[in-house]
Amino acid sequence: MTRVLFPGSFDPPTNGHLNILHRAAKLWDEIDVVVAMNQLKRYTFSAEERRDMMSVLVSDYANIKVTLWDGLIVDYAEMTGAKVIVRGVRALADFSYEFELSMTNKGLKPGIETIFIPTDPQYFVLRSSAIKEIAMLGGDISSMVPPLVAGALRAKLAK
Ligand code: ADP
């Protein structure tokens, strides 16, 4: 059985993340979505909010589970026996960041591989930070995030 990790901030989850998960769920037996709790990052949504949104969004998939983790992803991989980290890539700029990250992870734990999945074209421009900005300025984000996330963003921005 192949189990892979899909780590990220998911602040908030977008249709781009869900597309990667939808495709990954067909490729591997089990996907563990690892929601990062990085002390150095400022998030719009709390760790629990991000985890809970993602859990609802993947509830139809029997082979996807969601976990919160506040350490190094390679340590989580080692602890749980996962050998593969999946990352999505959009533009070339993403690739250079993701490539460096994969080299860092390789240096930390050589036995763990990173596999990149390129975005499907319609999700090319979807980025959590841009979606939050559009929502804040009153733009329509309904094609970018699921209704659950659009509602959560509206509620968060109203505060
Ligand atoms: P991080 O802070 O770890 O980059 P993100 O939530 O921004 O977390 O992204 C998690 C993963 O999903 C990353 O590999 C990112 O490149 C990928 N991703 C984000 N948006 C898209 C998208 N629209 N299409 C494909 N992959 C995406």
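## Salt bridges

A salt bridge is counted where a side-chain nitrogen of Lys or Arg lies within 4 Å of a carboxyl oxygen of Asp or Glu. By that criterion the structure holds 13 salt bridges. One of them pairs Lys156 with Glu49, whose closest N and O atoms are 3.0 Å apart. Helices (H or I, at least four residues) and strands (E, at least two) are DSSP runs, numbered from the N terminus.

## Model and conventions

The model is predicted; local features need pLDDT of at least 70 and side-chain atom pairs pLDDT 80 or more, while totals for chains, interfaces and linings use all residues. Residues are numbered from 1 along each chain as its sequence is written, and side-chain values use heavy atoms, with hydrogens and water left out.

## Ligand shell

The ligand is surrounded by 17 residues, and Ser9, Phe10, Lys41, Gly88 and Tyr123 are the closest. By class, the shell has 6 nonpolar, 6 polar and 5 charged residues; Ala, Val, Leu, Ile, Met, Phe, Trp, Tyr, Cys and Pro count as nonpolar, Asp, Glu, Lys and Arg as charged, and the others, Gly among them, as polar.

Strand 1 (3–8), helix 1 (15–27), strand 4 (84–89) and helix 4 (92–108) each contribute at least two shell residues.

## Polar contacts and burial

A backbone N or O atom of Tyr123 is 2.9 Å from a ligand nitrogen, and a polar side-chain atom of Thr119 is 3.0 Å from a nitrogen atom of the ligand. The side chain of Glu98 has an N or O atom 3.4 Å from a ligand oxygen. Taken alone the ligand exposes 560 Å², of which the protein buries 89% (Shrake-Rupley method, 1.4 Å probe).

## Loop between strand 1 and helix 1

Phe10 lies in the loop between strand 1 and helix 1. Although Phe10 is not a glycine, its phi is positive, at about 50 degrees. Pro12 is placed in the loop between strand 1 and helix 1, and the peptide bond from Asp11 to Pro12 is cis, with omega near 5 degrees.

Conventions:
Near = heavy atom within 4 Å. Polar contact = N/O pair within 3.5 Å; in protein donor to acceptor, adjacent residues only side chain to side chain.
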